[in-house]
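The following paragraphs lead the reader through one protein model. Please keep the sequence and the structure in view while reading.

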Amino acid sequence: MSFKPQMKIPATYMRGGTSKGVFLNLTDLPLDAQVPGAARDAILLRVIGSPDPYGKHTDGMGGATSSTSKTVILSKSTQVGHDVDYLFGQVAIDKPFIDWSGNCGNLTAAVGAFAIANGLVDAARIPHDGVAVVRIWQANIHKTIIAHVPMTNGEVQETGDFELDGVTFPAAEVVVEFMDPSDGEGDMFPSGNLVDVLEVPGIGAFPVTMINAGIPTLFFNADDLGYDGTELQDAINGSADALKRFETIRAHGALKMGLIKDLSEAEARQHTPKIAFVGKPKAYVSSSGKPIAVTDIDLNVRALSMGKLHHAMMGTAAVAIATAAAIPGTLVNQAAGGGERSVVTFGHPSGTLRVGAEAKLVDVQWQATKAIMSRSARVLMEGTVRIPNLLSD
């Protein structure tokens, strides 16, 4: 019995923010995978090593967590006024499924660097020294993102002294601006309300802020769910009952937000919406042992991604936090002390994060004009990724 040799696909393994994933140039993929569909998904699943019933990703590039089971496809932009098109795929760990419904804010920080290094940005727009402004079209959600990438001697500057809680080592700072991060179709708040009540049969009824900014997100009060907002991963992820409860609440929230038409659809839409809970400032010790004082933060936020409590904070959820915090009356704003604010510092399991947003009331609807945060990114490995040949002759 004979077997085909493995396929070789040029790829770069990168960290962006508190996530990492496999970055690919669209034109380096086999022709069948250069368009959406089964061939593309099959290749990317095998690259990551999913589905893995052992939950380890031993036979792939994934890291067996939602933060490290990610793929990115980049290409020269098809949109006027943009440099690069950015498509993100969140790969399920134990299922043969890739969720293309949303963005990854953390990996966004690495998009500009990859685009520059791979010739996707016009050389005339790249300074020899200084900061390159890379205009990104986020193809999943049809939004513009601006990445400010430091340059030294004609190359991306990756090393530096910028520290990001949730990342072990310092690196160069990359400022990322999410332009018009709210959902352009209708109200940023799907119901038109800053706070609703979500009824979940068999569990309870909870105040909730439902927002489409950065990524569709459900924000609850921590104490309404039986928490205080200082929890670390084990407090949630170590309880199968807690995870099941959160997923049930998330599914009903997705239905109320209009993202699905039937509860059964939630299982195939794991990436969105996100579910998070907020609490007033309270001291705790982060997962690295770093003490977080009440005076260090405006509020605490914990969020789940792909069914597990995130070890830090998803970048897109940070956009949602910043936007909701800027709008008086949301649960996020109330947890932060209320009033008008353009910047907020929140505590997460790995430490703290400072984010900013601008929002305005237009014709009785809130609109977010911009959200901004600092991240870092660097190349971990580049070359070719190999997978068994999945293409038909």
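Leaving aside neighbours within four places in sequence, Thr-316 is in contact with Asn-103, Cys-104, Gly-105, Ala-213, Gly-214 and Ile-215, where contact means heavy atoms within 4.5 Å. Thr-316 belongs to helix α5, residues 315–325; helices (H or I, at least four residues) and strands (E, at least two) are DSSP runs, numbered from the N terminus. Thr-316 is buried, with a relative accessible area of 2%; buried means under 20% relative accessible area, exposed over 50%, and partly exposed in between, with a 1.4 Å probe and protein chains only.

The model is a predicted one, in which local features need pLDDT of at least 70 and side-chain atom pairs count only at pLDDT 80 or more, whereas totals for chains, interfaces and linings use all residues. Residues are numbered from 1 along each chain as its sequence is written, and side-chain values use heavy atoms, with hydrogens and water left out.

Just after α1 comes Gly-49, with a positive phi of about 100 degrees.

The strands may be approached through β20, residues 365–375, which runs antiparallel to β9, residues 174–179, and is joined to it by six bridges; two strands pair if DSSP finds at least two bridges between them. Within β20, Lys-370 is the bridge partner of Met-179. Strand β19, residues 351–362, is also antiparallel to β20, and eight bridges join the two. Val-362 has Gln-365 as its bridge partner in β20. Together β19 and β20 form a hairpin with two residues between them, and Asp-363 in the turn has a positive phi of about 50 degrees.

Aromatic side chains come next. A pair of aromatic rings is described by the distance of the centres and the angle of the planes. The structure holds five aromatic pairs; rings of Phe, Tyr and Trp (its six-membered ring) pair if their centres lie within 6.5 Å, and planes under 30 degrees apart count as stacked, over 60 as edge-to-face and the rest as tilted. Tyr-227 and Phe-246 form a stacked pair, 5.8 Å centre to centre with 15 degrees between the planes. Because Tyr-227 lies in the loop between β12 (215–221) and α3, and Phe-246 in helix α4, this pair ties together parts that are 19 residues apart in sequence. Both Tyr-227 and Phe-246 are buried. Tyr-227 is also stacked with Phe-277, at 5.3 Å centre to centre and 20 degrees between the planes. That pair links distant parts of the chain, 50 residues apart, since Phe-277 is in strand β13, residues 274–279. Phe-277 is buried, as is Tyr-227. Tyr-227, Phe-246 and Phe-277 form one aromatic cluster.

Helix α4 also has a part in the lining of the largest pocket, to which it gives the largest share, four residues. A pocket is an open set of points on a 1 Å grid over the protein atoms alone, where a 1.4 Å probe fits, with protein on both sides within 12 Å along at least five of seven lines; lining residues have an atom within 4 Å of a point. The largest pocket is lined by 40 residues, and Ala-64, Thr-65, Ser-66, Ser-67 and Ile-93 lie nearest its centre.
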